[in-house]
Amino acid sequence: MTAQPPEPVQNPAPSGELRASHDDREATVERLRDAAAEGRLDLDELDARLEGALKAKTYADLAALTADLPAPAAAKSEPPLVLKSGMSGASRGPGRWEVPHHIIAHGGVAGVKIDFSRAECRHAEVLVVAYGEAAGFTIVIPDGWAADVTGVDPGIGGFTDKTTPDRLPGTPLIRLTGSGGMAGVVIRHPNRWERRKLQRNPS
């Protein structure tokens, strides 16, 4: 009986040629958005690379899109910004200010307003926990920013979302949770008066 030759051993594909998953593509998309928010990519570059990420077939395809970007830094412990209205109210903005990853605000008896119109944000997402309480809470976000408001409990005072869903590439997502309380929570883009004020003082 003639011995059969051994079957050839199939070498595994190089790691770069392995097929990418949906999660792999989504992770690259988030990294590209973070890079754009940090000023490392302009909007045209971001659009082109996002398209490449969504069409990527292998790890090598994805790696090429982030090869010139620094490795993501380990997340740092960053305390939340806490705003309490007290008896005189509380606000942040519309001047220049740096947005933290997490904001907690209590409307109290005099109200709270957060205006992101001129804010500098380096995060792809910002969590805002809003409690309208007795006086209410207002959030103003620039055109092109978007909000996820699915986590808000309207409470007695209700919740009003006047934002548009059109999110520009590289802009942060405001993820809003909390409760309207007695006076309610409002999130919107700048109104006519605020737009005129921004135009008069663009710096």
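These legends walk through several close-up views of one predicted protein model.

Because the model is predicted, local features need pLDDT of at least 70 and side-chain atom pairs count only at pLDDT 80 or more, while totals for chains, interfaces and linings use all residues. Residues are numbered from 1 along each chain as its sequence is written, and side-chain values use heavy atoms, with hydrogens and water left out.

View 1. Helices (H or I, at least four residues) and strands (E, at least two) are DSSP runs, numbered from the N terminus. Follow the sequence and you get the pattern α-α-α-β-β-β-β-β-β-β-β-β-β-α. Of the 203 residues, 36% are buried, where buried means under 20% relative accessible area, exposed means over 50%, and partly exposed is in between (1.4 Å probe, protein chains only). The chain exposes about 12300 Å², with carbon and sulfur atoms supplying 53% of that; the areas come from the Shrake-Rupley method with a 1.4 Å probe, and for residues only the protein chains shown count as cover. Looking at contacts (heavy atoms within 4.5 Å), 70% of those with a separation of 6 or more link residues 24 or more positions apart.

**View 2. Helices α1 and α3 pack against each other.** Two packed helices are described by the angle between their axes and the distance between the axes. Here α1 (residues 22-37) and α3 (residues 59-66) sit at an angle of about 5°, and their axes are 10 Å apart. That makes the two helices roughly parallel. Axes are lines fitted to C-alpha atoms, for helices over the stretch in contact, with angles running from 0 to 180 degrees between N-to-C directions; under 35 degrees counts as roughly parallel, over 145 as roughly antiparallel, 65 to 115 as roughly perpendicular, and the rest as oblique. From α1 come D24, R25, T28, R31 and L32, and they meet Y59, L62, L65 and T66 of α3. Sorted by class, this contact has four nonpolar, two polar and three charged residues. (Ala, Val, Leu, Ile, Met, Phe, Trp, Tyr, Cys and Pro count as nonpolar, Asp, Glu, Lys and Arg as charged, and the others, Gly among them, as polar.)

**View 3. Zooming in on T28 in helix α1.** T28 counts as buried, because its relative accessibility is 9%. Setting aside residues up to four places away in sequence, T28 touches A53, L62, L65 and T66.

**View 4. L41 sits in the loop between α1 and α2 (43-55).** With a relative accessible area of 7%, L41 is buried too. Leave out its neighbours within four places in sequence, and L41 is in contact with L32, A35, A36, R49 and L69. G170 is 129 residues from L41 along the chain, yet their C-alpha atoms are separated by 8.7 Å.

**View 5. Five strands form an open sheet with parallel pairing.** The strand order is β1-β3-β5-β9-β7. At the edges stand β1 (81-84) and β7 (146-153), each with a single partner strand, so one side of each has no neighbour in the sheet. From one strand to the next, the twist averages 15°.

**View 6. Bridges hold the parallel story together, pair by pair.** Two strands pair if DSSP finds at least two bridges between them. Four bridges join β1 to β3 (residues 102-106), with L83 partnered by A105 in β3. Five join β3 to β5, where I104 has V129 as its bridge partner in β5.
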